[in-house]
Each structure stands twice: as structure tokens, then as C-alpha cells.
Amino acid sequence: MNVATLLEPINSFLKCETPQTWVDEAVKSENLSVVLLDHLICELKAAQSAMFLIRRYAVDKESSQALLQWLKPYEDFTYRMKGDWRVLAKHNKLTKSMMPAQNSAYGQGLIDKMVLLIKEELHHFYQVLEMMEHYQIVYENISSSRYAKGLLRHVKTHEPDALVDKLICGAFIEARSCERFAKLAPHVDAKLGDFYISLLRSEARHFEDYLELAESIAGKDISERVAIFAEVEADLIQSPDSGEFRFHSGAPDKLVRRISRCA
């Protein structure tokens, strides 16, 4: 796998690089647990977001219920701390084919891309749990960062623009995750670094899938909306973040203040 080739479209899409202050904080041994725990939650939320889109916009009622059942064991483990994570891999399959709702304007293209994305995100979720077991990190609930909410705050409220904006947000979240895996990989041990590199190919494709769907559904050039979200995303990544350190945190606030005092 040529990492530089995979990252080229992602780095062109993102308006800024992850600040070095975030990388320095993320690779500290005391932050390994929070990085992996938040990564785990991010994988589930990515699956949930994709599932929401096809349930809200594309599939019939019976398919919608099958989707909920697919995700339930993962949500039970994560939010209710029920079940054994080792059996989750057996649940990563749909029990029926997804059928478009009769009144859906989006149909099979949205369904096919999002179902594949959900399957891959849930597989990554399981892989992160395997990594946590390797590093003897016990699962616990942690709070989210400001990142996703900060992006979604700018989504339009009328359709189909709202769906287009949500897909653009999905593209930025996937692209930033990919960029951060590549940033972390050289600074962690070989097992974790190899894992991060292994995620790049699917994460890179997810970002492109979201963009292609957004443009297809919009039926017009979306570069203006992409540019707006690029500015929002870059600000969230570069600005001081006073919240608890997370995988999608901005620049760690304490480090920013320390640098300012030394300047």
C-alpha cells in the first residue's frame, strides 16, 4: 500500500494538517487509553450516522427494523455495558436485503454505499476492542469531543440540502480520521502503527463515497458548501480546545497556552 498516494486526495481535501501539539499529546503513553476508547466510540458513531441516513432517507420500514437489530448488540455493549465484546464479530451481518422505500428519491446507490460503510466501521470497532485487550485497556464510557457537533451545527434545515450537508460532514470526519491515523502511525509501537495503516484504505474510500453521494444527490456543483465546511472543520482542528483530550480534539488548550508564554 502506498500511503502517500492514499493520503494525497485527503490532504488536498482538508484545509489544514493536524497540529503537531495534538500529535505530541496523542502519542503520550498515558493517553493511549483515551485515544483507543474514543477511536472505538468514533467507529460506532460512524456506523450509526450512516445507518441514520439510510433509515431516514432510503429504506422501507422492514429494512429499517433489520438495521436497528444489526446495530443493537454494539450499542448494548457500548452504552449499556451489556454482553461480551468477543461475540460481536458474529453479529456483523444483515439478516435481510435492504429495500428502498417507495417514496425514496435516493434509492439503492445510497443504501449500497452506506451498508458497506456500516459493515466496515463495525469491523473496525471490533478490531479496536482487540487492540484494547492487547494493551490491557478496560472499556469505559467517555464523553465526546466538540468536533462532530461543531460540524453539524452548520447543516441546513431544508431538504435535500440538509442531506447533502450531512454527507459533506461525513466526508470531512472520515478524511480527518484517515489523516490522523497516518500522523500517529510512525510514533506508536509497530502493532498499533500497522493497525492504523491498515485502516487507511477503507477510510480513504469512505470519504470519497460520502462526497460522491453528496454531489449526486445535490445534482449540482457542491464546491461552495464543501469550502464552507472546510473552513469550519479547520477551525475546529486548529483552535485551542479546552475540552478533554479526544481523537478529534483541536489543539490542546494547555499546550497552546504554554507555547504562547514561551513566545
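Let's start with Asp-76. Setting aside residues up to four places away in sequence, Asp-76 touches Met-81 and Lys-82; contact here means heavy atoms within 4.5 Å. Asp-76 sits in helix H4, residues 61–80. Helices are DSSP runs of H or I with at least four residues, strands are runs of E with at least two, and both are numbered from the N terminus. Asp-76 is buried, at a relative accessible area of 10%. The cut-offs: buried is under 20% relative accessible area, exposed is over 50%, and partly exposed is in between, with a 1.4 Å probe and protein chains only.

A word on the source. This is a predicted model, where local features need pLDDT of at least 70, side-chain atom pairs count only at pLDDT 80 or more, and totals for chains, interfaces and linings use all residues. Residues are numbered from 1 along each chain as its sequence is written, and side-chain values use heavy atoms, with hydrogens and water left out.

Back to Met-81. It lies in the loop between H4 and helix H5, residues 108–134. Met-81 is partly exposed, at 49%. Its phi is positive, about 55 degrees, though it is not a glycine. Gln-136 also has a positive phi of about 55 degrees, and it is not a glycine either. Gln-136 is in the loop between H5 and H6. This one is exposed, with a relative accessible area of 72%.

Next, the backbone at Pro-160. Glu-159 and Pro-160 are joined by a cis peptide bond, omega about 5 degrees. Pro-160 belongs to the loop between helix H6 (147–152) and helix H7 (161–184). For background, most residues other than glycine have a negative phi, and most peptide bonds are trans.

Now the whole fold. The protein has ten helices and two strands. Of the 263 residues, 52% count as buried. The C-alpha trace spans about 60 × 45 × 35 Å along its principal axes.

What about the core? The largest nonpolar core has 87 residues. Such a core is a set of buried Ala, Val, Leu, Ile, Met, Phe, Trp, Tyr and Cys residues joined through side-chain atoms within 4.5 Å. Phe-172 is among those with the most contacts inside it. Which residues does Phe-172 contact, leaving aside neighbours within four places in sequence? They include Phe-13, Leu-14, Tyr-147 and Val-226.
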